[in-house]
Amino acid sequence: MRFDAAVLRSYEDPFAVEEVMLNAGPGDGEVLVRIAGCGMCRTDLAVRRSAGRSPLPAVLGHEGAGVVVETGGADTGLSPGDHVVLSFDSCGRCRSCLRAAPAYCDDFAALNLFGGRAENAARFTDAAGGTLAPRWFGQSSFAAYAMVPARNAVRVDPALPLELLGPLGCGFLTGAGAVLNSFGAGPGDTVVVFGAGAVGLAAVMAATAAGAVVVAVDRHPERLALAEKFGAAALHAASGDLPDRIRRLTDGGARFALDTTGSVPLINDALRSLRPRGHLGLVARLHTELPLEPGTLDRGRRLSHICEGDAVPALMIPRLTGLWQAGRFPFDQLVRTYPLTDINEAEADCEAGRVVKPVLIP
């Protein structure tokens, strides 16, 4: 079958929406999905800065949602017509996967970041038969259709606004999962979120829904206004004595802090803002050394990296849609939709901070 997709052919050039070819139907354990919408994540855009580690040309996109068109084999657990949200790939067999921690799959990088599953890769080509990189995050969902392992696909209520749901598979899942899974935050806890982008604002909404006291830190006034709308106290990142101000707002220090910025100074501020035995989680990939200032890890404070919100997508995505239906996780207020043909405008708006979460509609 032939369909349109946004192809990135070089690290410097814009995306090109062009015809691509899928030369075979789904194999065992796979499903073919007609994409209703796909979120644009900064992980997609980071491919441009990957110094050649990501193979091109490629179809990116890993926050897809759509309708199952065809299934391969009898054991997918899905049927044509099912509405699904697509999440990250995992092997299902390693110790991490068997311990319900698929984000720490032994093969996570190979399956998601560096081209996906190698088998049957050649069946996905451009219109001239030229090779495209195997599926990005098991999806390559900047496209009208995506072939995915059924393990990636989570069935959702068909009454939900399917075209908006894709970011629940990665960005929103990461922020909300960090609060609900990694921290286990609940009523009376204090959570400070550094960075009020898509991941950070999802964390703010989840912490508010959990009954926690929430503080958001960012340098963009409009993002801080959104955080306040979702129940957080707001502090500008350039505020003087930021840790002291956080401690005053959290009655002596936050129990939990989440950094989405990767900023070394803010990470140190986050550690200093914690109460004894507090926990700072990092979700951003660090591109420099992380020197910690003296005393930041004293008194039982700890630091960890959190991948994909420590989530099992098949459990977390229904939890988030249930919170949305109850009016407690209004992620749709962060979304702006663009036709797939306007993908370069969406990228420019995302990089400039003019939009929190772009969603592309094929």
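How much space lies in the second largest pocket? About 200 Å³ lies there, in a predicted model where local features need pLDDT of at least 70, side-chain atom pairs count only at pLDDT 80 or more, and totals for chains, interfaces and linings use all residues. Residues are numbered from 1 along each chain as its sequence is written, and side-chain values use heavy atoms, with hydrogens and water left out.

**Second largest pocket**
- A pocket is an open set of points on a 1 Å grid over the protein atoms alone, where a 1.4 Å probe fits, with protein on both sides within 12 Å along at least five of seven lines, and lining residues have an atom within 4 Å of a point.
- Of the 14 lining residues, Ser90, Arg151, Val312, Pro313 and Ala314 are the closest to the centre of this pocket.
- Strand S9 (153-155) and H9 are the elements giving two or more residues to the lining, where helices (H or I, at least four residues) and strands (E, at least two) are DSSP runs numbered from the N terminus.

**Helices H4 and H9**
- Helix H4 (residues 171-182) packs on helix H9 (residues 313-325) at an angle of about 95 degrees, with their axes 11 Å apart, the axes being lines fitted to C-alpha atoms over the stretch in contact and the angles running from 0 to 180 degrees between N-to-C directions.
- H4 is therefore roughly perpendicular to H9, a term that covers 65 to 115 degrees.

Conventions:
Angles under 35 degrees count as roughly parallel, over 145 as roughly antiparallel, 65 to 115 as roughly perpendicular and the rest as oblique. Grid points are joined across faces, edges and corners, and a volume is the space filled by probe spheres set on the points.
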